[in-house]
Amino acid sequence: MEERITWDDLEPFMAEVRVIARDLLRREWQAESLQTTALVQTALRRQRGAKQDWSALTWPNRHYFFGAVREAMRRALIDHGRKRKTTQRENLLTGCASRC
């Protein structure tokens, strides 16, 4: 029997989602500026999409939900690292431009 997960069904799963986020953050040594709650919210926003309504958001089952949220968190961490590197590069370039 297939269970369908909707936005209203997520409350019992949020503790498990936070554990997944905490584990992912623990492995990322450069993500100390990102908090667990922020990572969870970013992943859920990515799951929702740009124009989709929260109530229209569904997953086929809980395994699919956890896999999709884990992937969204992983991608958010990658984007966070890229943004951080870009900022470091920009700081180096502007620092060099003022001294050169």
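**Close-up views of a predicted single-chain model**

The mean pLDDT of this predicted chain is 81, and 88% of its residues reach 70 or more; pLDDT is the predictor's confidence in each residue, from 0 to 100. Local features in this predicted model need pLDDT of at least 70 and side-chain atom pairs count only at pLDDT 80 or more, while totals for chains, interfaces and linings use all residues. Residues are numbered from 1 along each chain as its sequence is written, and side-chain values use heavy atoms, with hydrogens and water left out.

**View 1. Chain layout and confidence.** The chain holds 3 helices and 2 strands. Read from the N terminus, the order is β-α-α-β-α. Helices (H or I, at least four residues) and strands (E, at least two) are DSSP runs, numbered from the N terminus. Confidence is lowest in strand S1 (residues 5-6), with a mean of 81, and highest in H1, at 90.

**View 2. Surface and contacts.** The accessible surface of the chain is about 7,300 Å², and carbon and sulfur atoms account for 51% of that. Areas come from the Shrake-Rupley method with a 1.4 Å probe; for residues, only the protein chains shown count as cover. Take contacts (heavy atoms within 4.5 Å) between residues at least 6 apart in sequence: 73% join residues at least 24 apart.

**View 3. The largest nonpolar core.** A nonpolar core is a set of buried Ala, Val, Leu, Ile, Met, Phe, Trp, Tyr and Cys residues joined through side-chain atoms within 4.5 Å. The largest one has 24 residues, and Leu10, Leu39, Phe65 and Met73 touch the most other members. Helices H1 (14-27), H2 (36-48) and H3 (62-99) each supply at least two of its residues. H3 gives the largest share, 8 residues.

**View 4. Surroundings of Met73.** Leaving aside residues up to four places away in sequence, Met73 touches Val17, Ile20, Ala21, Leu24, Leu39 and Ala43.

**View 5. The Phe13–Phe66 pair.** The whole structure contains 4 aromatic pairs. Rings of Phe, Tyr and Trp (its six-membered ring) pair if their centres lie within 6.5 Å; planes under 30 degrees apart count as stacked, over 60 as edge-to-face and the rest as tilted. Phe13 and Phe66 have ring centres 5.5 Å apart and planes at 75°, so this pair is edge-to-face. Phe13 sits in the loop between S1 and H1, and Phe66 in helix H3, 53 residues apart. Both Phe13 and Phe66 are buried.

**View 6. The aromatic cluster.** Phe13, Trp59, Phe65 and Phe66 make up one aromatic cluster.

Notes. Buried means under 20% relative accessible area, exposed over 50%, partly exposed in between (1.4 Å probe, protein chains only).
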